[in-house]
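Subject: Handover of a structure

Hello,

I am passing this structure on to you. Please have it open while you read the notes below.

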Amino acid sequence: MKLLVCCGLYLGLGGFCAPGFAQKTNPALVGTRTPLAVGQAVADKILRTGAYRLELTDQPKNPFLEYVDFEQTLGSPQGTAYGLSTVISPQDQTVTFEISHNDALRLWVNDRVAYEKTGRQEFSVGYGEIVWKDNTLALTDSFRVALKKGVNKILVKSFSDGQSARPTGQRWLFYLQSRHLLELPDTARRIRFSLQPLAPKVSRATWLTVGPFAAPGPEATFPPEAGFTPGALYYNDGRAFTWTVPRPDVVVAATGSPMYQYNYFIGGLMWGLQKLSEATRQEKYAEFAARYCDFIIGHRDFFAYQVESRHALQAMQYQMVGRPMLDYTTAPALPLLYRLREDESFAGRPAYEQFVAPLRRYIMEEQVRLPDGVLARRTPEQFTVWADDMFMSIPFLLFSAELAANAPEKQRYYDEAARQLLGLAGYLRRPDSRLLPQGYMTNRPEQRIPYWSRANGWAAWATMEVLGRLPKSHKDYPKILAFYRRHIDGIVGAQDASGFWRNILTDPKSFRETSGTAIFTLALARGINQGWLPPKKYQPAALRGWRALESVIAADGTVEGSVVGTNISTDPAKYDARPVSPDDAHGLFPLLFTCMEMQRLLHSQGKPSDRTEVKAP
């Protein structure tokens, strides 16, 4: 199966580059073309290089989760089974593990019991059952254990008396995860599970399993508890068996372009293509985005099956299966909402409406919030307010208002969009700056988080969307306009002499970065076009930004210098250590909007154009 979707936004299609690459200019510049022609060059490359195909592949390893499905591996729903592995720790440290399981389970670390629970447990793993908690799963129990530096043996014993003792759909298995496997606390060092100390020739698994031993109950003991012997043959109940590994599985994955992904930057790219199609009157861009939307809608059940029924928690599109993060729920749905708004009768419209309905419920009723209702996250610590979440939530709310079935529902979404913008800004604003840090840690408000460029871009973009869509009669409109102008003044003050903005806005040694420059240029151009900003004061900064962007856009549509995805950190060095990548979608999709807005700006001044006046958003 082939689906031609967008271009080289491949998070590494051209390989990663060292920070600072945005300062490099390309000899094949596009400075002689109009902004709209530049946008088309970028979009045409997306269409040329956006093909991918589906194929079978080994199930990818989950970085934060270990699991053993005894029932699948051993071919039996009952008995006593053992799982054996080692945990490698780079230092002596105390580690918290989270665990969920069915049936009785005992876990030893270095031959000492670290966790035990008897009786039937209520843990379902199956279609529709996986529950996420930000970047990890919401598991039911936890325990702490002191790990020594080096190799730590971990042995799991599980007893099952058969499916009849478990609710329908529950299987004989356990899940085990730790933040130390993925997201590190401040004083910790990352751990990993490995079979190398036990079975150095085994490379495709992190666990050994043996069983099932027929047993009258969970207290029956068997030879694996006495120690590990590679050549041991165990006899029980007329059967012989030895150590093996969990049965490997295969999943369907996409190879080629990442244009199948359901996330905010691919969704944003498709939204940009839809808008470009409208601006250029060329259907090929909208058709490309429509194929993406149809693919997402048509394969949703398959994506969920792989994640929830085959434990493939890193499989294709795993982010869209119950993931409680705005990045993977509301923001990626913008092209679906745009199509619903623009076309009242396209084939498949009911499926689109069915898809977005739970997303509306999620953002209004289920997303993590502070006591005052402001959106928050549990990462990097509970609770953190993110500037990024302005873009991840607010455009979706505004589209939902425009698609609302009645006036009260419309007003509800408009009010929520305004409330979130002012609420998020209220937590993030600092009295000593007009810029915004990427985040605010509610439990440690004294922590200083850098003024990351793209985070300020997301905030500026969300504010533009509110100003452009919220009725001017809304009670909060004047406050939002005042915030926008104050923020824009801070942004203009941070512009580099080159026309770029730095990755960390306040650090003159930070590298010049493309995606933030694109969003800020967009914010300035739209502000002038919409009458929110006086042209005489702000147009020079917009033109400087545009000239800077031209210097990193090649004639074939390649865009250099956008930093890849970046999480919150209190360490500025971590922001500038992030790589930049050619044709990274974080930069491509804002650039499409910037090209259209700059076209309007120059057209309104009577400058040469493509004879196409781009409509306001």
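At what angle do helix α12 and helix α14 pack, and how far apart are their axes? Before the reply, a word on the basis. This is a predicted model, in which local features need pLDDT of at least 70 and side-chain atom pairs count only at pLDDT 80 or more, while totals for chains, interfaces and linings use all residues. Residues are numbered from 1 along each chain as its sequence is written, and side-chain values use heavy atoms, with hydrogens and water left out.

Helix packing

Helix α12 (residues 535-550) and helix α14 (residues 585-604) pack at about 130°, and their axes are 12 Å apart. Because of that angle, α12 is oblique to α14. Helices here are DSSP runs of H or I with at least four residues, strands are runs of E with at least two, and both are numbered from the N terminus. Axes are lines fitted to C-alpha atoms, for helices over the stretch in contact, and angles run from 0 to 180 degrees between N-to-C directions. Angles under 35 degrees count as roughly parallel, over 145 as roughly antiparallel, 65 to 115 as roughly perpendicular, and the rest as oblique.

The crossing of α12 and α14 is left-handed, meaning that the near helix is turned anticlockwise from the far one by less than a right angle. On the α12 side the contact (heavy atoms within 4.5 Å) is made by Gln539, Ala542, Leu543, Trp546 and Leu549. From α14 come Leu591, Thr594, Cys595, Met598, Leu601 and Leu602. By class, these residues are 9 nonpolar, 2 polar and no charged. Nonpolar covers Ala, Val, Leu, Ile, Met, Phe, Trp, Tyr, Cys and Pro; charged covers Asp, Glu, Lys and Arg; the others, Gly among them, are polar.

A second pair is helix α5 (residues 334-342) with helix α7 (residues 388-402), at an angle of about 15° and with axes 10 Å apart. That angle makes α5 roughly parallel to α7. This crossing of α5 and α7 is also left-handed. Leu334, Leu337, Tyr338 and Arg341 of α5 meet Phe391, Pro395, Phe396, Phe399 and Glu402 of α7. The contact of α5 with α7 has 7 nonpolar, no polar and 2 charged residues.

Tyr414

Tyr414 lies in helix α8 (residues 407-428). Is Tyr414 buried or exposed? Tyr414 counts as buried because its relative accessibility is 8%; the cut-offs are under 20% for buried and over 50% for exposed, with partly exposed in between (1.4 Å probe, protein chains only). Leaving out residues up to four places away in sequence, Tyr414 touches Leu398, Ala401, Glu402, Arg469, Leu470, Pro471 and His474. Tyr414 and His474 are 60 residues apart in sequence, with their C-alpha atoms 8.6 Å apart.

Strands

An open sheet of 4 strands runs in the order β3-β12-β5-β10, with antiparallel pairing. Strands pair if DSSP finds at least two bridges between them. β3 (65-69) and β10 are the edge strands, each pairing on one side only. From one strand to the next the twist averages 25°.

Strand β5 (residues 93-101) is joined to strand β10 (residues 141-147) by 7 bridges, with Val95 partnered by Val145. Over 4 bridges, β5 also pairs with strand β12 (residues 173-177). There Glu98 stands opposite Gln177 and Ile99 opposite Leu176.
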